[in-house]
Amino acid sequence: MVDHPLQYQSALADSPVVGELPVRKHRMGLSELPVDCVLVAAYAGSPDIAPSIARIAGVAAPGAPGLASIAGPVSMLPIAPNTWQIATTPNTGTAIALALKSELGSLAAVTDLSFGRIVAIALRGDDSHLVLEKGIGIDFSDAAFAAGRVVATGLHAVHVLIVKTTPGSFHILVPRSFALSILEWLVDAIEEFKV
């Protein structure tokens, strides 16, 4: 029997909108970030599992709701009460999911969303917050939405997670089947910002 390892395949690289990513338009940049994701939701009545999740993922536990914990390529994103999404480099999500299932047992549901369920789009540039504000009623400026903040919201009628990684830089996590639609929306929204 032949072993066929799973490989990450871009959902956006062949986009007729922009050709191959990364793309630089005006004062903004868009690129796809290969990512594995693991969803962890504590069951009602469970003790605080955030420290265990953080230890296994290799990050510090987030300090407050709405604040991500980022350590290099790994992010622990609080997305709802007692619910986190771990975003990490490809080919590491399954190992993290198995370790979490082993440690947390009956305290939480752990779902590996790797293998094509999530696409991460990086948006960067001085006016990137204005691009997002065209479609989302949130102030993404540095003063109101500091680096490390995360929000689960809707963009172009699609549920997304938006993480501000540094000033002027966002990661937008999108379900794979809607990634091209979100990319097209972003490309159109950027057109206003001429060099």
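Author: With contacts, meaning heavy atoms within 4.5 Å. Among contacts in the protein chain between residues at least 6 apart in sequence, 64% link residues at least 24 apart. This is a predicted model, in which local features need pLDDT of at least 70 and side-chain atom pairs count only at pLDDT 80 or more, while totals for chains, interfaces and linings use all residues. Residues are numbered from 1 along each chain as its sequence is written, and side-chain values use heavy atoms, with hydrogens and water left out.

Reader: How many helices and strands does the protein chain have?

Author: Helices (H or I, at least four residues) and strands (E, at least two) are DSSP runs, numbered from the N terminus. The protein chain has four helices and eleven strands.

Reader: What share of the residues in the protein chain is buried?

Author: Buried means under 20% relative accessible area, exposed over 50%, and partly exposed in between, with a 1.4 Å probe and protein chains only. Of the 195 residues in the protein chain, 46% are buried.

Reader: Which residues of helix H2 are buried?

Author: Helix H2 covers residues 93-104. Its buried residues are Gly 93, Ile 96, Ala 97, Leu 100 and Leu 104. They lie on the same side of H2 because they cover an arc of only 100° around the axis, the arc being that of the directions from the helix axis to the C-beta atoms. These buried residues pack against strand E3 (36-42), helix H1 (50-57), strand E6 (83-88) and strand E7 (108-112). The face turned away from the buried side of H2 carries the exposed residues Ala 95, Leu 98 and Ser 102. After H2 comes Gly 105, with a positive phi near 50°.

Reader: Which strands pair with strand E8, and in what sense?

Author: Two strands pair if DSSP finds at least two bridges between them. Strand E2 (residues 28-33) pairs with E8 in the antiparallel sense over five bridges, and Glu 32 stands opposite Ile 121 in E8. Strand E11 (residues 169-175) also runs antiparallel to E8, joined by seven bridges; here Ile 118 stands opposite Pro 175. E8 itself (residues 118-124) is mostly covered, with six of its seven residues buried.

Reader: How is empty space found?

Author: Rolling a probe the size of a water molecule over the atoms shows where empty space is left.

Reader: Which strands each supply at least two residues of the lining of the largest pocket?

Author: Strand E5 (74-80), E6, strand E10 (158-166) and E11 do.

Technical notes. Expected span 1.5 Å × (residues − 1).
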